[in-house]
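User: I am new to this structure. Please walk me through it in short questions and answers.

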Amino acid sequence: MIKTFSRTSLLLGAPAMEKLKNSRVAVFGAGGVGGYVIEGLARSGLGAIDIIDNDKICLTNINRQILATRKTLGKYKVTAAAERIAEINPQCKVTPHRMFFLPESAEKINFSDYDYVVDAIDTVSGKIAIIECAKNAGVPVISCMGAGNKLDATAFEVADISETSVCPLAKVVRRELKKRNISGVKVVYSKEEPKSCLQSADRRVIPASCAFVPSVAGFIAAGEVVKDLIKE
């Protein structure tokens, strides 16, 4: 009998699909990278996805964020994500958390509820808090490093944070984790040197991005989550 995830089941096998169906994953950030993480997980048959984000979709998101269309402008990203997942896999339980995750708000999320955690946010203090909370709860975590100001989608690698180089964000995260004696953190990062970009009209320096770099980072992270869940 043809089912939604028949093709995936042919590749992974029925036991793996059952494992994914019974897994719950938290994705922090539903933007350029996180949106594609959510997409990859939903299309892989995940049974439950929590989405943590406080932003609304705006016009400048359309060039690179899968949740951003003319129809979703002005919607909270968690709302748009929940609606999209329902169109893909209505059996997936979606729990939206409309909040900006920072160390001060970390107690609002029970990390022990999850089988895996994905960090796809930009704020360094938030990234460190996500990793620290996941480690304390004994939950696997993957952290996505910088995807802005880059053009080479083939330059991404999966590595332990201690093995990263070139990426400025990875350097900061690596240093902060070392201060806290936190090790063994899987990351998606790129060795491509960030491009020098033009300033905006009001002279602010805004990270530049395109359609094909953050999407690749997000799908790589989603793939790592799926592979790790089914091998346990």
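User: How do the side chains of glutamate 39 and arginine 84 meet?
Analyst: This is a predicted model, where local features need pLDDT of at least 70, side-chain atom pairs count only at pLDDT 80 or more, and totals for chains, interfaces and linings use all residues. Residues are numbered from 1 along each chain as its sequence is written, and side-chain values use heavy atoms, with hydrogens and water left out. A salt bridge here is a side-chain nitrogen of Lys or Arg within 4 Å of a carboxyl oxygen of Asp or Glu. Glutamate 39 and arginine 84 come to 2.6 Å, N to O, and so form a salt bridge.

User: Which parts does the pair of glutamate 39 and arginine 84 tie together?
Analyst: Helices (H or I, at least four residues) and strands (E, at least two) are DSSP runs, numbered from the N terminus. The two residues are 45 residues apart in sequence. Glutamate 39 belongs to residues 34–42 and arginine 84 to another helix, so the pair ties together H3 and H4.

User: Is glutamate 39 buried or exposed?
Analyst: Buried means under 20% relative accessible area, exposed over 50%, and partly exposed in between (1.4 Å probe, protein chains only). Glutamate 39 has a relative accessible area of 5%, so it is buried.

User: How many salt bridges does the count come to, by this rule?
Analyst: One of them joins lysine 179 to glutamate 176, with the closest N and O atoms 3.1 Å apart. These two are 3 residues apart in helix H6 (residues 168–179), so about one helical turn separates them. Lysine 179 is exposed at 58%, whereas glutamate 176 is buried at 14%. By this rule the count is 14.

User: Which residues do salt bridges that share partners join into one network?
Analyst: Start with lysine 231 and aspartate 228, whose side chains meet in a salt bridge at 3.3 Å, N to O. They sit 3 residues apart in helix H7 (residues 212–231), about one helical turn. Lysine 231 is exposed at 64%, while aspartate 228 is buried at 9%. The network consists of Lys186, Glu224, Lys227, Asp228 and Lys231.

User: What order do the strands of the open sheet have?
Analyst: Strands of a sheet pair through backbone hydrogen bonds, either parallel or antiparallel. Two strands pair here if DSSP finds at least two bridges between them. The sheet has 7 strands with mixed pairing, in the order E3-E2-E1-E4-E5-E7-E6.

User: Which strands stand at the edges?
Analyst: An edge strand here has a single partner strand, so one side is left without a neighbour in the sheet. That describes E3 (93–98) and E6.

User: In which sense do E6 and E7 pair?
Analyst: Strand E6 covers residues 156–160 and E7 covers 186–190. Alanine 159 has valine 187 as its bridge partner in E7. The two strands pair over 5 bridges, and the sense is antiparallel.

User: Which residue in E5 is the bridge partner of valine 118?
Analyst: Strand E4 (residues 116–119) is covered on both faces, with Tyr116 and Val118 buried on one side and Val117 and Asp119 on the other. E4 and E5 (residues 141–144) run parallel, joined by 3 bridges. The partner of valine 118 is isoleucine 142.

User: Which helix makes a β-α-β unit with E4 and E5?
Analyst: A crossover is right-handed if, with the strands pointing away from the viewer, the path from the first strand over the helix to the second runs clockwise. The unit here is right-handed. Its helix spans residues 124–137 and is H5.

User: How many disulfides does the count come to, by this rule?
Analyst: A disulfide is a pair of cysteine sulfur atoms within 2.5 Å. The sulfur of cysteine 92 is 18 Å from the closest cysteine sulfur, in cysteine 144, too far for a bond. Cysteine 144 is in no disulfide either, as its nearest cysteine sulfur, that of cysteine 167, is 11 Å away. The count is 0.

User: Is cysteine 144 buried or exposed?
Analyst: Cysteine 92 has a relative accessible area of 8% and is buried. For cysteine 144 the value is 4%, so this residue is buried.
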